[in-house]
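Please examine the structure below together with its sequence.

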Amino acid sequence: MKRKLLLVMAASMLAANVAACGSNKTAETTVEATEGKIDAETPAMESKTESVKETYENNEDGGHAIHADGEDAEYENIEVKKTGDSNSEEADFYGENAAVFAENGATLTIKNAEITTDGSHANAVFSYGEGTTVNISDSKIRTTSNNSGGLMTTGGGTMNAENLDVITQGGSSAAIRSDRGGGTVNVTGGYYEANGKGSPAVYSTADITVKDAELVSNSAQGIVVEGKNSVTLDNVSLTANNVTKNSDKSSVYQAVMLYQSMSGDADEGTASFRMTGGSLINKNGGMFYINNTKAEIEIEDVDFTYASDDFLRIEAAGWGREGSNGGQVTFTAAKQNFEGNTIVDSISTLNMYLNDGTLYSGSINTDGVAGAVYVEISDDSTWTLTGDSYITSLTCDEDAIDLDGFTLYVNGEAYSEGTESKGTAVEAYKSEASDDSKGQRPEDGQGGPQQGEAPSGKPGDGQAPADGQAPAGMSDGQQPPEKPEGDAQGNGQGGAPMGMPGDGQTPPDGANGQQPPEMPTGAAAN
């Protein structure tokens, strides 16, 4: 017994000495000892195991628990705790108030960490600036307040994550976020869940790739891509329950949204979504929604389940200049079986390619009011109509289309089943309206609009913050998108999902109140 007491006393002294080394860091030492048992054949034995976990804490408004500034740093087996607030969306652009922050070309490596934040605009792990890289693996992340994402990347930084367990609770707080200036994000394995308004599982103003992981959004879209950026999913299980809206710019609920908020947080250009294998479930609403941007969508061998009849909706919403804010989409399906309606409004376009044994069961613009639509069907693929459909141009062989009692109109003429057709792709719709107006984008977790472009570059470098006012109560906006992250008010789940188990889900985390675009820092814009 004396030896056991001495061991505990020694451990306590070690912890006290280490804690004295810095105000930000403490060491926690755990000692376990077992008394040896003595019998006639075995001598007295005593064993102990000892583990040390360092804790990094910060409770200052705008401060960091760990800050790597232009250096290489490694941390393993640590606990990070961050409280304190920031009231500025600049925190979501430049890293203020993040628990773990890397900048100025730093390479920060973290293994086996537990990271928690409880404060507004308190992102957990933040990579800012070109040349900066954060590598994090086998770690647990929890955030509770608005505009507080799990993984955040801006200004051209790089984030590499492997086998993480990430859950966010606040608005505009996507589990995987990016904002002004984007960057590159690579995620492999793990679980990523968002529960707040305007908080999709992923809000992208960067190039984000996720492999072999599970993504869950309990309130907003599952994925939001803003502007000239991308999300690629490979063997991912994605479940969305889009039941809230971040703004009044759209009444549509969906699993994946691609748009341009015109807030200045994402370059204008082609938004991309690619998914191979895995599953995509939406417990409330349809699958894909595209507005105010050019977009490319590629799907291959994905298992889809959704609650409404809308599979692909391309139309104007509240972002951009009226008359030129539709969607211009190239949609490609390979080795795919999917069903549902496709809607393309009069200022939008669609080029749809069905390849490699794809089976599509659905209608296109069944009401006859349509934008330009081209459908090309490979020899081994089939489109089965579920309603009268109206398209502009068609390429297919004689066996590619099953009218199933409905009528297909191609450029106003009824198509005859069993007929080969040769058509040409349609060009993106062009309006005489100018494209220089700036729309409003929702902020994470707050439905208020935000105007003007924020300057690129970090304040402090002589750059003024964004023009315009951020809506009150809006938190970082990772949402349509993260700038979208789900904005609308929604409750229930419309329509029971086809082949889907029970609907009720709690809302996902939202980064800073991620809300529909019209939001500044990445919130889902719904």
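In this predicted model, the charged end of Lys245 lies over the ring of Tyr253, at 4.4 Å from its centre. Arg180 is likewise placed over an aromatic face, that of Phe93, 3.9 Å from the ring centre.

**Aromatic pairs**

- A pair of aromatic rings is described by the distance of the centres and the angle of the planes.
- The model contains 18 aromatic pairs.
- Phe101 and Phe126 have ring centres 5.6 Å apart and planes at 80 degrees, so this pair is edge-to-face.
- Phe101 belongs to strand β5 (residues 100-103) and Phe126 to strand β7 (residues 125-128); the pair links distant parts of the chain, 25 residues apart.
- Both Phe101 and Phe126 are buried.
- Phe338 and Tyr360 form a stacked pair, with 4.5 Å from centre to centre and 15 degrees between the planes.
- This pair also connects distant parts of the chain, since Phe338 is in strand β28 and Tyr360 in strand β31, 22 residues apart.
- Phe338 and Tyr360 are both buried.

**Aromatic cluster**

- One aromatic cluster is formed by Phe273, Phe288, Phe304, Tyr306, Phe311, Phe331, Phe338, Tyr360 and Trp383.

**The parallel sheet**

- An open sheet is built from four strands in the order β28-β31-β33-β36, with parallel pairing.
- Its edge strands, β28 (337-339) and β36 (401-402), each pair on one side only.
- Four bridges join strand β31 (residues 359-362) to strand β33 (residues 382-385) in the parallel sense.
- Opposite Gly362 stands Leu385 of β33.

How values were computed. Residues are numbered from 1 along each chain as its sequence is written. This is a predicted model: local features need pLDDT of at least 70, side-chain atom pairs count only at pLDDT 80 or more; totals for chains, interfaces and linings use all residues. Side-chain values use heavy atoms; hydrogens and water are left out. Two strands pair if DSSP finds at least two bridges between them. Helices (H or I, at least four residues) and strands (E, at least two) are DSSP runs, numbered from the N terminus. Rings of Phe, Tyr and Trp (its six-membered ring) pair if their centres lie within 6.5 Å; planes under 30 degrees apart count as stacked, over 60 as edge-to-face and the rest as tilted. Buried means under 20% relative accessible area, exposed over 50%, partly exposed in between (1.4 Å probe, protein chains only). A charge sits over a ring if NZ of Lys or CZ of Arg is within 6 Å of the ring centre and within 35 degrees of the ring normal.
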